[in-house]
Amino acid sequence: MTPTRRLAIRLGISATPLLPTLCALSGTLLLFVLFLALQGRPAGEACSLIFEGAFGSSFAWQNTLQRAAPLLLTALCVALPARVGLIVIGGEGALAMGGLAAAVLPSWLPPWSPWLMLPAMAAAAMIAGGVWIALCGALRQWRGVNETISSLLLSYLAIAIFKHLVEGPLRDPASLNKPSTLPLPDAYLINPLPGMEVHWGLVWGGLACLAAWVFLRHSVSGFAMAIVGGNVRTARLVGLPVNRLLLLACAMGGAAAGLAGMFEVAAVHGSANSALLAGYGFSGILVAFAARQNPLAIIVCAIVIGGVEASGSLLQRRLDLPDATTLVLQGLLFCNLLAWEAISGRLAALKLRWQETTPNTALPASEASHV
Amino acid sequence: MTHRRDFLKLTGAAALGAALPLDLLAATPLTVGFIYVGARDDFGYNQSHAQAAAMIKKMPGIKVIEEEKVPETVAVQKTMEAMIMQDGASLIFPTSFGYFDPHVLKIAEKYPKVRLAHCGGLWTQGKHPLNVGSFFGYIEECEYLSGIVAGHMSKSKKLAFIAAKPIPQVLRNINAFTLGAQSVNPAITTHVIFTGDWSLPVKEAEAANSLIDQGCDVITCHVDGPKVIVETAEKRGIMTCGYHASQAALAPKGYLTGAEWNWVTPYTEIVKATLEGKPMINFLRGGLKDNFVKMSPYGAVVSAAAKKKAEDIKAQMLAGKFQIFSGPIKDNKGAVVIPAGTTLVQTDVTLEKMNYLVAGVVGQV
Amino acid sequence: MSESEFITLLLALFAGAIRVGTPFLFVSLGECITEKGGRVNLGLEGILVCGAMTGYAVSYFSGSAWLGVLAAGCSGLLLGTLHGLVCSLPRVNDIAFGIALMLLGTGLAFFLGKPFIQPQAAMLPSINLGGWSSNLQLQHALQINALFLLGVVLALLLQWGMAGTRWGLALRLVGDHAETARALGYRVNTIRIAATACGGFLAAVGGAYLSLYYPGSWNEGLSSGQGLMAVALVIFARWQPLRCLGAALLFGAAGALGPALQAVGITSGYYLFNAAPYALTLLIMILTCRPDRTLGNAPGELSLTR
């Protein structure tokens, strides 16, 4: 076999995991253009505006990154439980609980320095969010309640509790026409990154994704979680503490979402109020599935989804397209990503065949199978 | 031939230039941005702004850009920045209350040359930057008149009010409506249901049905989109008073009158001030007298007596001689909130902190 | 609370059970069929919203509300078929695709529905069953829409059909044990796609009820999770269509609780009362699910309960 042919096959093997994603992206674009064109809307301009609004200027980049920052964390809320085989979609509720906890903590504690208070707020937010999602995991393990539905119901309940507390017992009497909790003192507000307009939540979100990836790939618990997610019976047979691992994964996911809530409160709003509930939890679901539950890919996907949402404003103003355009695009993307997964089975067979024909090629470390 | 045409063109342009202020002709059109929190055609709050924006669009030298369904998060900051940077807007109207703190304030500090006229906010001297302004209308004057009509027309003496949240702007409306009705008959009660959010159609329909089951025969509301409530009431043969914009088309049989915004008045003032280079108007409030708010035309069922009483009071308001909140006024828990002899004029800041429901209102804050 | 207020509350709950419960009924019956075939369709929320928009739009253009309902059903049929087809492909997780469909359906409905927020469309008529009563509230409570009666008839039909007819047995076999069904010569995928399509049809009709009868208007806040709660409802009802009817009425009453309580004077904590349906769903799921054995009556092939 010639070296070039060998190289070509090696490239082909390493590219196979990407192929479903590429097909999905092109399928999405095609359907989107078709959808707009059938209605007589300028499809080509729309696509170019989406790109321009997402990545076309430094302003666009700031916009995109600003929107991506909470998505990094709320996507982890879906990706981490997915590792143990659970589909949890209650990130919005965990974000609400976390944001509320972070917003009211300073009013219960003495005025510490920001170096103490901010980690304390983060911890409170992570505990609140973690407990909320761990509850879903516990309900599943001890009562067999499906976690998708229970996480969604708990999310609705969390939002109701949040609204009740923010507009009732925890309300700041001075916040009249926009009921909020007591505003955070200036010292505890999180500043933007130097030279940019995006707040530190972006960096911490990215770090969290990296930490999650390292944890899942290289730690014993992470590996154990992968086994639980792959085949629970095997995990039990091997003696892994399935319940504990499951709860841990859920708690970590919920903690990430709670942390997102804390950043929204401390960096954007300055207090907890109903504007906090902006659907970041639900967008995080899309990001996690687009990234096929891989924390590193979540960083990329969060930026892409953030970009799509950022471009919505431009589409409205320039082409008079409704705001739901980005929603349609996201829906098409999600559907395509899942549908094209079907070919990855065939591709795996193809990959195997190629590997067999070139027995001397060093195989790249194959990726763990995704949910 | 071409020389003469060119000459005519030149003289024509010169004449026009002499007629208009010179900087208007030389400048590019003023780009004005409007930001709505919900759908533009919701028959309610956002529609009232969009209707006024459509009228502003017709002014010469004005270019209007709009964006709807912008949530009260960083998204609105980015929208405002995009309007400034990508479309060159120099005057922006963020129309939802929740945009003010911190979003409008942050953008105002970042772009001191751009004017931001916020609807409903409370601009305070010394606390807020000078390129921000807040405007609002004293729509409770119209609510008072609505209450008078409702009080006349109601047979069961029970009125219904469906509100989103118990915030001061809403409470002022409930109280004014009730006081107006009670000026006709002191035994009238208003039953209030809070739905919890600005746009919850199923809850609003349920609330309407619940209140009608209770025996109320006139409904009004303070939610973002009154369409569902008005239609539900019309289906059950109940009379309605509208809010935000005119819902008369939705309830041909039962529509009495309504409290409408007339945003085009403050909009025009602010836009003119910008065009003429005058300083930003920081605090703009007005009522019926200043044409910031208006009443919907009376429906066919409204009795002559009701019309007369309402018009009488309206004339007093237009002359500046009528105050709604003059004591003694008790709240529905029995405490005195406005003592006898005290009158709170519309511009009194205490009213912006209202946190009670007057006696005769069945419900809790 | 005085006695008359208590009666008012009960009547309000009764009326609410029927009014608010009808969409739950249709969506849960649709999901029941789908799940009996062994597939979960979480995209019913998106199908419901799409159905609401389609129904309203067609009713507006044609002037006939029933045509709107039919059109809505067809849109649901299409989306349900899409779900069925894609989930038949290997390695596609039906729960995940359901969430994707929810997003897509909602997005399409909002996009195409923009021009219909303002206009008024023809509404479905109501049948007045309460003319005999002198109590206004009871009269209104008994003003039922034909769709509710249709739903009741459908529940009865399905209950009988699933147990007693050939196609019902085939469906249950496909959902319980696909291997046996295949061995008997049934086309598993075709039956599942058909079941999902029917489920979509019914869910969209439920959505059309929302926009064409109660609340009777199209706007973007119309649905508050009814599609997703219906999935939980079906588990609560143990996949029996008649029990779906009872559960739908229960949830309708829970949905009407908040405003009804406020109307009789219990006004504090209305957020919590408005969350009653969700709390009820969760409570019921906690009480009726068991971890160690599969739920009785659960279709064996269902990924939800494995």
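**Interfaces of chain C with chains B and A**

Across the interface of chain B and chain C, 16 residue pairs are in polar contact, both partners being at pLDDT 80 or more. Strand S7 (189-194), helix H8 (201-213) and helix H9 (227-235) of chain B each supply at least two residues of the side that touches chain C. H8(B) gives the most, with 9 residues. By class, this side of chain B divides into 13 nonpolar, 9 polar and 12 charged residues. The model is a predicted one.

In total, 34 residues of chain B are in contact with 37 residues of chain C. The two chains bury about 3,000 Å² between them. Of that area, 48% lies on carbon and sulfur atoms. B:Val202, B:Glu206 and B:Asp213 supply 18% of the area that chain B buries against chain C, more than any other three residues. The interface of chain B and chain C also holds 3 salt bridges. In a salt bridge between C:Lys114 and B:Glu68, the N to O distance is 3.4 Å.

The interface of chain C and chain A was examined in the same terms. Here 45 residues of chain C are in contact with 48 residues of chain A. About 3,900 Å² is buried between these chains, 79% of it on carbon and sulfur atoms. C:Arg91, C:Phe111 and C:Tyr271 supply 19% of the area that chain C buries against chain A, more than any other three residues.

Between chain C and chain A, 1 salt bridge is found. A:Asp323 forms a salt bridge with C:Lys114, with the closest N and O atoms 2.9 Å apart. The count of residue pairs in polar contact between chain C and chain A is 4, both residues at pLDDT 80 or more. Four helices of chain C each supply at least two residues of the side that touches chain A: H4 (94-113), H10 (226-236), H12 (270-274) and H13 (276-288). The largest share, 14 residues, comes from H4(C). This side of chain C has 34 nonpolar, 7 polar and 4 charged residues.

Within chain B, B:His222 lies in strand S8 (residues 218-222). B:His222 counts as buried because its relative accessibility is 7%, under the 20% cut-off.

The average pLDDT of chain B is 86, and 93% of the residues score at least 70. Over residues 12-26 of chain B, pLDDT stays under 50. For this stretch the model has 4 contacts beyond four places in sequence.

How values were computed: Residues numbered from 1 in each chain as written. Chains lettered and ligands numbered in written order. Predicted model: local features only at pLDDT ≥ 70, side-chain atom pairs only at ≥ 80, totals over all residues. Heavy atoms only, no water. Buried < 20%, exposed > 50% of the residue type's maximum accessible area, 1.4 Å probe, protein only. pLDDT = per-residue confidence, 0-100. Contact = heavy atoms within 4.5 Å. Buried area = accessible area lost by both parts, 1.4 Å probe. Salt bridge = Lys/Arg side-chain N within 4 Å of Asp/Glu carboxyl O. Polar contact = N/O pair within 3.5 Å; in protein donor to acceptor, adjacent residues only side chain to side chain. Nonpolar A, V, L, I, M, F, W, Y, C, P; charged D, E, K, R; others polar.
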